[in-house]
Structure formats: structure tokens, C-alpha cells
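Let's walk through this structure together, starting at the ligand and moving out to the spaces in the protein. Keep the 3D view open as you read.

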Amino acid sequence: MAATSNAKPKRKMKDDDSDGLPKKKPTQYWNQGLLSSIDDPELRVDADDKVVIIRDKYPKAKFHFLAMPKVNIPNLKSLKREHLVLLKHMETKGKEIAQRFDSRRQFRFGYHAVPSMSHLHMHIISQDFDSPSLKTKKHWNSFTTEYFHDSEDIINMLEKNGRVELDTKKYQELLKNPLKCHVCLKDLPNMPNLKQHIKSHDYSSKK
Ligand code: AMP
């Protein structure tokens, strides 16, 4: 007898612009999680007609948010010149949020070269990296090496070339870099040492 499978057929996310937001479907993949969180009132900190800003569910710093466009843009590769106004708006909103939550603290606003989650998202992250969810070398290097692209650089790239093309392989190698303090560049042997060391820097005010 032929074996039967209970596995549900894979279904793709569908664009649906009835309210501007991509709709989630019953069968979800883990990398589609942001599309659920975008509607979660517990996570949402701000929204307007173009952008939603949510708390990162696994924050890697004391303040860590994600700004997402309401229109369906899967990733950096999907960006076109016509999105420049939107990207600039996302950055402006990000700066407003940073100002609102802690106007004295240093923040960065940007994108991972190779994001793990689908749907374009700009990180708004304070530079203290003070969070229990920051655990691995991969986490650290994704926010402190060139793997993290400032919004400004992405905007410049799009303005200049009309697209954003990043060499995935090259960026993935950066995640294996030795651990280094992002402030004083001291080499640290492991994550517990690094986390202990970065406490010695003062993040309470902008330098
Ligand atoms: P990346 O795709 O590498 O740019 O980062 C994805 C970010 O999304 C990470 O900082 C995660 O902590 C965060 N994250 C993962 N799942 C969720 C979720 N369901 N809701 C909100 N944030 C999430």
C-alpha cells in the first residue's frame, strides 16, 4: 500500500493590499514570523500609513526595534529606486523612536546583509548590546561588523546603482570573525568575557 503523508502542501505568502499589509496564511514558516508580529499590539510601538515599528521579540540590546514597510517588500534585493522615499521615511521614523525611548543613548539604524527573516526590516538598535538574548558570536558579529549596513549606506547604494546587491558568501564569512569590542576594539576570547567587558563602557550618553 502506498504510504500516505499528513504533511500539508506548502503554501506561499500572498500579496494582498486590501489594507496595505501582506496577509499571513494558515501555514507559516518560521522566517515569516515578522508578518505575525506586525499585527501584535503587544509588540507594536508606532505606525503610520507607510511603516510599522515593533519591538524585536528577541532584543539584542536594551532598545531594539524593527521598522517595516506596510507594502510587501521581501528583502533588500527587491528594492528599486521608487522605494527611496520609503527607505528615507523608515530611517526618519527610526530616529524618532530612538529619540522617544532614550534621547541620550547611541543607536544604529540598518539592515543585516543576509537577513534570517522575510519582509524588509530595518533594525533600530541601541549600542549597549545589553540583553540576555544576545548570546552567540553570530549575534555579535551580525550587529558589529560590516554585516550590518547602516540605512544611510543602503540608501546611497540604491541611489547610485538603482539596486542593492550584496555578496551573500562574503557576508556570511564575517559572522565567523573573532570577537572584538565594538567600542575599544579589544579582542575577547568568548561571549561571557565580551559581555562582561562591554559593561565597562558608558552607553548612557551619546559620544
Ligand atoms: P535579521 O533577519 O537577521 O535581520 O533579524 C531578524 C530579527 O527579528 C532578529 O533580531 C530577531 O530577534 C527578530 N525576530 C525573530 N522572530 C521575530 C518575531 N516573530 N517577532 C519579532 N521579532 C522577531
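A polar contact here is a pair of N or O atoms within 3.5 Å; within protein, one must be able to donate a hydrogen and the other to accept it, and residues adjacent in sequence count only if both atoms are side-chain atoms. With that in hand, look at histidine 121, which has a polar side-chain atom 2.7 Å from an oxygen atom of the ligand. Serine 116 uses its backbone instead: a polar atom there is 2.8 Å from a ligand oxygen. On its own the ligand has 510 Å² of accessible area, and the protein covers 90% of it (Shrake-Rupley method, 1.4 Å probe).

Before going on, please note that this is a predicted model, where local features need pLDDT of at least 70, side-chain atom pairs count only at pLDDT 80 or more, and totals for chains, interfaces and linings use all residues. Residues are numbered from 1 along each chain as its sequence is written, and side-chain values use heavy atoms, with hydrogens and water left out.

Which residues come nearest to the ligand? They are Ser37, Asp56, His112, Ser116 and His121, out of 16 residues around it (near means a heavy atom within 4 Å). Helix H1 (33-37) and strand S3 (64-69) are the elements that give two or more residues to this shell, and H1 provides the largest share, 3 residues. Helices are DSSP runs of H or I with at least four residues, strands are runs of E with at least two, and both are numbered from the N terminus. By class, the shell holds 6 nonpolar, 7 polar and 3 charged residues; Ala, Val, Leu, Ile, Met, Phe, Trp, Tyr, Cys and Pro count as nonpolar, Asp, Glu, Lys and Arg as charged, and the others, Gly among them, as polar.

Now for the space itself. The ligand takes up the largest pocket, an open set of points on a 1 Å grid over the protein atoms alone, with protein on both sides within 12 Å along at least five of seven lines; lining residues have an atom within 4 Å of a point. A molecule sits in such a space if more than half of its atoms lie within 2 Å of its grid points. Of the 27 residues lining the largest pocket, Asp56, Tyr58, Lys60, Ser116 and Met117 lie nearest its centre. H3 gives the most to this lining, with 4 residues.

Note on methods. 1 Å grid on protein atoms, 1.4 Å probe; cavity = no way out; pocket = protein on both sides within 12 Å on 5 of 7 lines; lining within 4 Å.
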